[in-house]
Amino acid sequence: MAAGVPAARAATAPAARPRAGEPPTAARALAELRAGNARFAAMRQTHPHEDAVRRTAVAVAQHPFALILGCVDSRVAPELVFDQGLGDLLAIRSAGQALDEAVLGSIQFGVEELGVPLVVVLGHERCGAATAAVEYVRTGRPVEGHLARVVEEIAPAARETRHLPGDWVEHTVRANVAMIRRRLARDTAFDRALIVGARFDLDSGKVAFHLS
């Protein structure tokens, strides 16, 4: 252990972050996300890459090591959940991770132009968008305004899981992540990246990854 480094911090310091000049791989990116989330869940964040040196470095170029497609929910901010800093993550957020051409184009930009090796579809428990989709499937009542597009995107997951025992919303969240992951994995625009699903637990702060 390095002299002067507290034991708790040393034990939770990022171990998988690529060295300067070393191209990231999906395996290293996933390991770093796991390590960062473990720090977050244990409330032992290191808050990396938040200083003036980092701000100056990323002002001229960005090299994020992972792309997170997450929900707009205010409790699921990727940089916080994975204990990352400026320039580390390319975060794309829409209600219920709903896909449209702008979202798909943003993912393609990250994969093709920035060379991001890992795409994570991040759902979370007690998702409001999933709840709205379940209510829509349950009642058939139309959704007003722009929210209709979001609900319609998630409705297939709600229909697929409506007869499963247990929490229908939770089943919908998990099925929605799986459907989105499969859709992205079939798209040749994202062939260069590993695409995985994940679920964030609001109570524990932990992320569970699903690689298939």
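**Close-up views of a predicted model**

**View 1. The N-terminal end of helix α8 is capped by Asp 167.** In this predicted model, a side-chain oxygen of Asp 167 lies 3.0 Å from the backbone nitrogen of Val 169.

**View 2. Helix α8 comprises residues 168-186.** At 1.5 Å a residue, its 19 residues should span 27 Å, and the end C-alpha atoms are 27 Å apart, so the two values agree. The buried residues of α8 include Trp 168, Val 169, Glu 170, Thr 172, Val 173, Asn 176 and Arg 181. An α-helix has 3.6 residues a turn, so residues three or four places apart point the same way.

**View 3. Strand β3 (residues 118-124) is largely enclosed by the rest of the structure, because seven of its seven residues are buried.** Leu 118, Val 120, Leu 122 and His 124 point one way from β3, whereas Val 119, Val 121 and Gly 123 point the other way. In a regular strand the side chains alternate between the two faces of the sheet.

**View 4. Strand β3 is joined by bridges to β1 and to β4.** Four bridges link β3 to β1 (residues 66-70), and these strands run parallel; Val 121 is the bridge partner of Leu 69. Seven bridges link β3 to β4 (residues 194-200), also in parallel; here Leu 122 is partnered by Ala 198.

**View 5. The largest cavity has a volume of about 50 Å³.** The elements giving two or more residues to its lining are β3 and α8, and α8 provides the largest share, three residues. Among the lining residues are Gly 123, His 124, Thr 172, Val 173 and Asn 176. The lining consists of four nonpolar, six polar and no charged residues.

Definitions and conventions: Residues numbered from 1 in each chain as written. Predicted model: local features only at pLDDT ≥ 70, side-chain atom pairs only at ≥ 80, totals over all residues. Heavy atoms only, no water. Buried < 20%, exposed > 50% of the residue type's maximum accessible area, 1.4 Å probe, protein only. Pairing = 2+ DSSP bridges. Expected span 1.5 Å × (residues − 1). Polar contact = N/O pair within 3.5 Å; in protein donor to acceptor, adjacent residues only side chain to side chain. 1 Å grid on protein atoms, 1.4 Å probe; cavity = no way out; pocket = protein on both sides within 12 Å on 5 of 7 lines; lining within 4 Å. Points joined across faces, edges and corners; volume = space filled by probe spheres on them. Nonpolar A, V, L, I, M, F, W, Y, C, P; charged D, E, K, R; others polar.
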